[in-house]
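This briefing walks through a protein model for a reader who wants to follow the contacts residue by residue.

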Amino acid sequence: MLAAQDATALNQQDPHKLRIHSLETFGTHDGPGIRFVIFVQGCQFRCLYCQNPDTLDVNGGKFEEMSELLRRAKNMRSYFAKTGGVTVSGGEPLLQRGKLLTFFKMLHEEGINTCLDTNGRLLDQQTKDLLEETDLIMLDVKHFDDEWHKKLTGLSNNTTLKLAAYREETGKPMWLRYVLVPGWSDQPEHIEALGQHFKDYQTIEKIELIPYHKLGVNKWEVLNMEYELKDVEPPTQESIEEAAEILRKYFKEVKIK
Amino acid sequence: MAEVKELGFVEGTWVNEINPKNFVELNITPYEGDASFLAGPTEATTKLWEACMVAMKEERAKDGCRDIDTDTISSATSHKAGYIVEGLETIVGLQTDELLKRAMKPYGGYRVVENAVKERGMEVNPSVTNVFNYVKDHNNAVFSVYDKEIRTFRSKGILTGLPDNYARGRIIGDYRRLALYGTKQLIAAKTADFNNIKVEFGDIKDQIRLREEINMQISALKDIEVMAGFYGLDVTEPAKNAQEAVQWVYFAYLAAVKEQDGAAMSLGNVSSFLDIYIEAELKAGTLTESQAQEFIDHFVMKLRMVRHLRPGAYDEIFGGDPTWVTEAIGGQFNDGRTKVTKTSFRFLQTLYNLGASPEPNLTVLWSEALPQGFKEFCAQVSIDTSSVQYENDDLMRPNRGSDDYGIACCVSQQSIGKRIQFFGARTNLPKTLLLALNSGREEKDGVTCIEGIAPLTSDVLNYDEVMDRFKKAMDEVARVYAKSMNMIHYMHDHYYYEKSQFAFLDTNPGIDMAYGAAGISIIADSLSAIKFGKTTAIRNEQGLAVDFKTEGEYPEYGNDDDRVDSIAQEITHYFFNELKKHATYRNAVPTMSLLTITSNVMYGKKTGATPDGRKAGESFAPGANPMHGRDRNGAVASLNSVAKLDYNDAQDGISNTFSIVPKALGADRGDQITNLVNMMDGYFNGETEADMAHHLNVNVLNRDTLMDAYENPENYPQLTIRVSGYAVNFVRLSKAHQLEVIARTFHESM
């Protein structure tokens with residue numbers, strides 16, 4: 001596993017450029033409608049099941065001018081219809097929150113919808129400013145129990161939950177995302193607790209339940225990193241349904257991805 | 001016209017002149033709803049289709065040809081009645097007396113027909129052979145006027161697929177005319193046209209030719225009366241009800257495909273015309289939805305059974321035995337109403353009632369203003385069957401000046417009854433670039449094809465110098481191409497005139513001269529490599545560039561990058577302008593397509609390594625597609641690159657074939673339908689008018705399915721896939737073509 005890295009520079013250097021991993025111009029799984037998904041580079045979580053381990057290194061990827069990304073987004077406006085727009089995913093976008101604030105403002109000036117797919121790692125004034133320019137936040141809650149969260153990601157879920165609470169205060173829309181990993185995040189009592197915690201939130205439009213899959217495993221091999229969940233198989237249809245059944249008690253909409 | 005009055009049609013100019021467009025405009029019932037009214041197959045439909053499936057299985061088992069009538073030269077009247085299962089068919093008529101028995105149509109080129117028969121281990125009846133000891137066919141005629149450079153360009157594969165040894169096709173009769181008027185009125189109108197041609201002043205030669213043509217058209221109409229008589233039907237009068245309307249339209253088309261074996265013989269835009277009769281009967285209570293669907297199912301079944309006799313070599317350029325019975329569905333009127341009717345839905349519904357199929361080549365004329373219910377049904381059908389293609393009505397309607405048009409062959413707009421096109425296959429642009437890099441010599445054997453192209457001064461390729469040579473090469477190719485086309489179509493008119501189709505056209509229709517170019521993505525990437533990277537030609541002892549090495553990064557077409565996309569635009573514009581400079585037979589108006597059909601595989605085989613890193617022999621991308629795997633930023637970036645090509649430079653069509661795995665379209669069926677609708681709206685509308693795209697083939701399937709079908713073809717008799725402007729039964733493609741399809745970009749990012 002990649003060692004912990006400081007990410008201060010990522011938020012500061014080259015203010016007009018984003019450090020990105022890759023682009024997907026027909027994103028249909030990262031927010032509503034057709035989306036231009038910018039996968040940014042760098043993440044401090046070390047999720048054992050990470051499907052994009054090549055986005056972790058804060059020094060990897062390449063710099064791309066925001067103006068070029070904006071040009072691409074504008075060229076896609078005819079595809080966005082009423083629902084689509086730009087999603088910044090990663091990696092962890094909040095590591096470049098200052099620059100993303102500029103970028104989201106640019107998008108809003110062109111009338112383009114903005115969406116942030118984040119693990120909620122950081123909550124400072126810059127994050128709060130960014131959230132103001134974020135039409136939809138998709139918050140990945142990796143686990144509700146902090147001990148399990150640390151086991152799964154290497155870090156606490158404390159800030160993630162705080163960020164959710166802050167978003168709730170602002171009254172702006174939010175989706176939750178939860179990856180169901182057999183033996184790791186499928187304990188009914190913890191899923192139940194997650195539901196209890198969020199049941200009164202007004203801003204949560206839906207929760208997406210994402211069954212664990214192994215599509216990213218070969219990337220770990222390419223990077224010469226050991227994949228610890230080798231023996232974990234994707235959840236069965238029944239266990240997905242079980243988890244969804246619990247979540248349906250607490251959320252308006254549960255979408256199985 | 002008492003019978004027509006009984007159906008309560010609104011009268012207009014169509015009553016006193018031949019004008020189905022006016023009839024449709026006055027009588028159509030646009031439909032804004034969803035697909036919930038549709039009916040499934042009747043018992044008779046299912047039985048008939050089972051019989052067709054059995055016959056097609058036999059056909060596949062016999063290497064793609066069930067039987068040939070080797071005794072008869074095919075014509076509208078050459079064969080007596082034939083049935084699938086007599087008594088069950090609501091719409092009758094086969095090309096020969098037996099299902100899937102192919103007929104000989106030798107006027108395009110007798111030798112080609114003879115070889116096709118021999119390849120099947122059969123012999124042409126000597127009495128037929130004897131005819132061609134005396135009669136000149138189209139093929140003989142063209143070659144009698146070809147010169148050395150045309151022959152060289154042809155044999156070296158610079159110009160390919162030219163219709164000089166087979167029928168040109170691409171002409172669409174207005175088959176609605178038979179239903180609306182019957183032969184009696186059509187003959188009267190043609191007779192009046194004949195008498196109006198005075199042959200006294202002006203272009204006497206043209207006038208005499210027209211008179212001769214009209215005479216042939218009238219005899220064709222009389223033949224159709226005889227043909228209908230074999231089935232106990234009388235087409236001298238207009239159709240009196242929905243069943244007759246469908247039947248008459250089919251008879252008009254049937255006569256065409258009995259007489260001609262044109263590469264592509266489209267149907268036109270008959271669905272909303274037929275809807276008027278169906279709607280009138282539904283209203284009168286003389287027809288149920290199930291019966292209406294049955295007429296369409298049986299009609300479509302007949303269209304699926306159309307066959308032509310082709311030699312094996314033909315499969316290289318037109319893989320999978322296509323016939324291009326292209327039917328254009330939907331679109332809008334200039335007045336803002338939609339042309340979508342319930343019968344637009346019924347045509348698509350055949351893909352469920354009879355299962356997926358490549359034919360007829362169902363083409364939706366997409367407009368932003370199409371009813372949402374129809375858009376969603378189209379998307380659903382694409383997701384389920386991969387059998388539909390889409391063309392931009394909002395682009396073609398204003399640009400080509402007609403709201404009553406069909407699609408000739410794959411992608412070419414054609415005003416119905418008013419215009420035709422002279423089909424011209426295509427030239428190989430990458431090969432042309434290699435001529436430019438080799439002082440006019442062919443890259444494989446060094447034969448000089450173009451004189452006067454100076455050698456390059458360095459093996460490290462200089463962009464300006466390459467462009468200079470390339471433009472000279474394009475000029476020369478355009479010159480030889482134009483010359484060939486004029487000869488071909490002059491001879492085709494004289495030796496294989498399409499009398500059955502012209503009988504359903506205005507007497508002196510407008511003509512497009514449809515040129516074509518293949519390999520635009522290779523050109524864009526090659527020139528981009530030369531411009532932005534450092535490309536070195538590696539030459540053999542003859543001094544021919546046999547490979548290229550590029551250092552440094554350069555943008556590739558298919559990623560919405562203007563630096564390279566603009567090269568594709570520029571070359572398209574340049575080459576088309578060069579073609580436009582040349583005189584055309586019958587003052588045809590030049591157009592151009594960026595389309596390959598399946599010849600991208602054959603072109604690849606015949607073309608040496610190119611500067612974009614493509615190795616010698618590797619397939620081209622189909623149509624205007626980016627090269628496989630080079631579009632790295634997802635589907636929309638890829639679509640956007642293609643959308644930038646200017647339709648004004650390629651009015652004959654800019655073909656793009658798009659393949660995506662279902663999951664990448666969205667998490668569930670609802671999302672998938674919505675996203676596909678939005679994607680097509682986005683692609684066709686564009687951010688600006690200049691970004692409006694022209695054509696899209698939509699495939700929604702997993703590569704695994706294709707690989708399994710490659711291994712176990714018997715399990716996939718109806719698996720259909722869009723290739724380049726048409727669809728094929730995957731299992732009827734050659735193995736080489738199957739592998740090329742599997743190798744294409746499948747957008748699968750999730």
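**A histidine inside chain A**

His143(A) counts as buried because its relative accessible area is 0%, where the cut-off for that class is under 20%. The model is a predicted one, and the points below should be read with that in mind.

- In the fold of chain A, His143(A) sits in the loop that runs between strand E6 (136–140) and helix H6 (146–153).

- Chain A brings 20 residues to the contact and chain B brings 31 residues.
- Between the two chains there are 15 residue pairs in polar contact, counting pairs with both residues at pLDDT 80 or more.
- Strand E1 (17–27), helix H2 (66–75) and helix H3 (77–80) of chain A each supply at least two residues of the side that touches chain B, and the residues of that side divide into six nonpolar, seven polar and seven charged.
- Five salt bridges are found across the interface of chain A and chain B.
- Arg71(A) and Asp560(B) form a salt bridge in which the closest N and O atoms are 3.8 Å apart.
- Arg71(A) and Asp560(B) also belong to a network of salt bridges that links Glu68(A), Arg71(A), Arg72(A), Asp560(B), Asp562(B), Asp565(B) and Lys644(B).

**Nonpolar cores and an enclosed helix**

- In soluble globular proteins, nonpolar side chains tend to be buried together.
- The largest nonpolar core holds 270 residues, and those touching the most other members are Phe103(A), Tyr277(B), Phe299(B), Leu527(B), Ile571(B), Phe575(B) and Met679(B).
- Helix H18 (residues 463–495) of chain B gives the most to this core, with 15 residues.
- Apart from this core lies another, of 17 residues, which has Leu48(A), Tyr49(A), Leu56(A) and Tyr227(A) among its members.
- Phe299(B), leaving aside its neighbours within four places in sequence, is in contact with residues including Ile91(B), Val246(B), Tyr250(B), Leu274(B) and Phe347(B).
- Helix H23 (residues 635–643) of chain B is largely enclosed by the rest of the structure, because nine of its nine residues are buried; the buried residues include Val636(B), Ser638(B), Leu639(B), Asn640(B) and Val642(B).

- Side chains of opposite charge can pair when their charged atoms come close.
- Over all chains the count comes to 86 salt bridges.
- Glu89(B) and Lys302(B) meet through their side chains in a salt bridge of 2.6 Å, N to O; the pair links distant parts of the chain, 213 residues apart, with Glu89(B) in the loop between strand E1 (67–73) and strand E2 (101–104) of chain B and Lys302(B) in helix H12 (residues 289–304) of chain B.
- Glu89(B) counts as buried because its relative accessibility is 11%, and Lys302(B) is likewise buried, with a relative accessible area of 1%.
- Glu237(B) forms a salt bridge with Lys184(B), with the closest N and O atoms 2.4 Å apart; Glu237(B) is in the loop between helix H9 (204–230) and helix H10 (242–259) of chain B, whereas Lys184(B) is in helix H8 (residues 176–196) of chain B, 53 residues apart.
- Glu237(B) counts as partly exposed at 26% relative accessibility, while Lys184(B) is exposed, with a relative accessible area of 53%.
- Glu244(B) and Lys240(B) meet in a salt bridge of 3.4 Å, N to O, in which Glu244(B) is buried with a relative accessible area of 16% and Lys240(B) is partly exposed with a relative accessible area of 40%.

Methods: Residues are numbered from 1 along each chain as its sequence is written. Chains are lettered from A and ligands numbered from 1 in the order in which they are written. This is a predicted model: local features need pLDDT of at least 70, side-chain atom pairs count only at pLDDT 80 or more; totals for chains, interfaces and linings use all residues. Side-chain values use heavy atoms; hydrogens and water are left out. Helices (H or I, at least four residues) and strands (E, at least two) are DSSP runs, numbered from the N terminus. Buried means under 20% relative accessible area, exposed over 50%, partly exposed in between (1.4 Å probe, protein chains only). Contact means heavy atoms within 4.5 Å. A salt bridge is a side-chain nitrogen of Lys or Arg within 4 Å of a carboxyl oxygen of Asp or Glu. A polar contact is a pair of N or O atoms within 3.5 Å; within protein, one must be able to donate a hydrogen and the other to accept it, and residues adjacent in sequence count only if both atoms are side-chain atoms. Ala, Val, Leu, Ile, Met, Phe, Trp, Tyr, Cys and Pro count as nonpolar, Asp, Glu, Lys and Arg as charged, and the others, Gly among them, as polar. A nonpolar core is a set of buried Ala, Val, Leu, Ile, Met, Phe, Trp, Tyr and Cys residues joined through side-chain atoms within 4.5 Å.
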